[in-house]
Amino acid sequence: MFGGRRIVLGVTGGVAAYKAILLCRLLVDADAHVIPVMTESAQRFVGRATFDALASEAVKTSVFDDIDPIPHTTLGQTADLIIVAPATARAIASYAAGLSDDLLTATLIATRAPVIVCPAMHTEMWEHPSVRENLKVLSSRGVHVISPEEGRLAGGDVGSGRLASPESIFEAAKKLLCEGDLSGRSVVVTAGGTREPIDPVRFIGNRSSGKQGYAIAEAAQKRGAQVTLITTVDAPTVFGAKVIKVESAAEMDAAVKKNNEADIIIMAAAIADFRPSKSLTTKIKKDDGAPAIILEETNDILAGLGASKKKGQVLVGFAAETDDLIKNASKKLVQKNIDAIVANDVSAEGVGFTHETNAVTILTSDGQSRSVSLRSKREIAEEVLNTVVDLVKR
Ligand code: CTP
């Protein structure tokens, strides 16, 4: 069901920690790759040997006891989902305040994957305004909070604060990772501008920042897709996607060809149309005078994909234009034999390269067109994916 997707299971110190063992089992049985992270106090309630035996990897407990010098960032960046069950009032407070005081909270702060927090504590603590306010903050940031149930608590007390059942937490994880409208789909996204070498220190490049491509990759990941991001950009976060780093148009071409069986390919990268016909192995010296740089054409990667389009595959291109936006984009849509093109007028205020915002018109091969006014690249990403989902259904 989970297809080997990586779930970090954070266990903090409460009597309900034993239920995390059952949750771990359910997830592993459903083909999730579960990495348990226990806080120090969690280990007073359940032994790490139990998780070691049941999870997909050995328990991790500290930022310092790993051979990886930055286990929290590695865990945070590669996770598809993080579940904290049980989550104590302290863990919730640290997370809400952005305090990375142990491996688990550091991992939570280092991730862009979805997070499920499952509080468990005594009724008085559960009802305390500080806990409620911290959870409100987390919810407003998109964290999924699974409220505790009523029932028997530690010490024989009865009330609300009991950890939600492992089955209901499992269902929430399933919903997030397996029931998005792109769940089970493989999606390739290209991002950034290519660099075409002139000599070992110089290149021909363009102004693309990769932000729109990254936003699409992240949004697709959150909608359940298995994402491969082919990028020229060294961005710090990868939100669980498989990342392939490339530099030139030729490297991008090779990486896309290796992944051309994907269900959906979205070419957001700005790929050079021309490269120096010769890339020198030694630096051009000023004393030798201004060189003449002869350019040759690169492969049109998207047109290549369009020419050998797989059955049912959805291909999406971008058209960065400065004039005749719709006319030029429509021409590319037809010539490249693709399903949709996202046209943006990069000469307009706040649109395209390097900006945090974008405004686009999405044209599809059945003649439909939808304009999306200026908004964040994340929102544009969702609009592009809405079109993709429509195309997948056809
Ligand atoms: N593209 C590609 N390979 C290239 C050039 C572009 O796959 N060598 C893709 C881009 O990723 C984009 C789409 O084609 O999705 C359109 O790119 P754009 O630069 O707007 O158009 P070009 O086809 O290069 O035409 P022109 O530069 O003349 O506008």
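User: Hi! What should I keep in mind about how the model is treated?
Analyst: The model is predicted: local features need pLDDT of at least 70, side-chain atom pairs count only at pLDDT 80 or more, and totals for chains, interfaces and linings use all residues. Residues are numbered from 1 along each chain as its sequence is written, and side-chain values use heavy atoms, with hydrogens and water left out.

User: Thanks. At what angle do α10 and α14 pack?
Analyst: Helix α10 (residues 211–222) and helix α14 (residues 377–393) pack at about 60 degrees, with axes 8 Å apart. Helices here are DSSP runs of H or I with at least four residues, strands are E runs of at least two, and both are numbered from the N terminus. Axes are lines fitted to C-alpha atoms, for helices over the stretch in contact, and angles run from 0 to 180 degrees between N-to-C directions.

User: And which class does that put α10 and α14 in?
Analyst: They are therefore oblique to each other. Under 35 degrees counts as roughly parallel, over 145 as roughly antiparallel, 65 to 115 as roughly perpendicular, and the rest as oblique.

User: Which residues of α10 and α14 meet?
Analyst: From α10, Lys 211, Gln 212, Ala 215, Ile 216, Glu 218, Ala 219 and Ala 220 meet Lys 377, Arg 378, Ile 380, Ala 381, Glu 382, Val 384 and Leu 385 of α14. Contact means heavy atoms within 4.5 Å.

User: Now α1 and α9: how do their axes cross?
Analyst: The axes of α1 and helix α9 (residues 166–178) cross at roughly 40 degrees and come within 9 Å. That makes α1 oblique to α9.

User: What makes the contact there?
Analyst: Lys 19, Leu 22, Leu 23, Leu 26 and Leu 27 of α1, with Pro 166, Glu 167, Ile 169, Phe 170 and Ala 173 of α9.

User: Switching to pockets, what volume does the largest have?
Analyst: About 780 Å³. On a 1 Å grid over the protein atoms alone, a pocket is an open set of points where a 1.4 Å probe fits, with protein on both sides within 12 Å along at least five of seven lines; lining residues have an atom within 4 Å of a point. Points are joined across faces, edges and corners, and the volume is the space filled by probe spheres set on them.

User: Which residues are closest to its centre?
Analyst: Of the 36 residues lining the largest pocket, Ala 269, Ala 270, Ile 271, Phe 318 and Ala 320 are the closest. The elements giving two or more residues to that lining are α10, α12 (301–307), β16 (314–321) and β17 (340–345).

User: And the second largest pocket, what volume?
Analyst: That one has about 400 Å³. Among its 19 lining residues, Val 15, Ala 16, Met 121, Leu 153 and Ala 154 are closest to the centre. Here α1 (17–29) and β7 (158–162) are the elements that give two or more residues to the lining.
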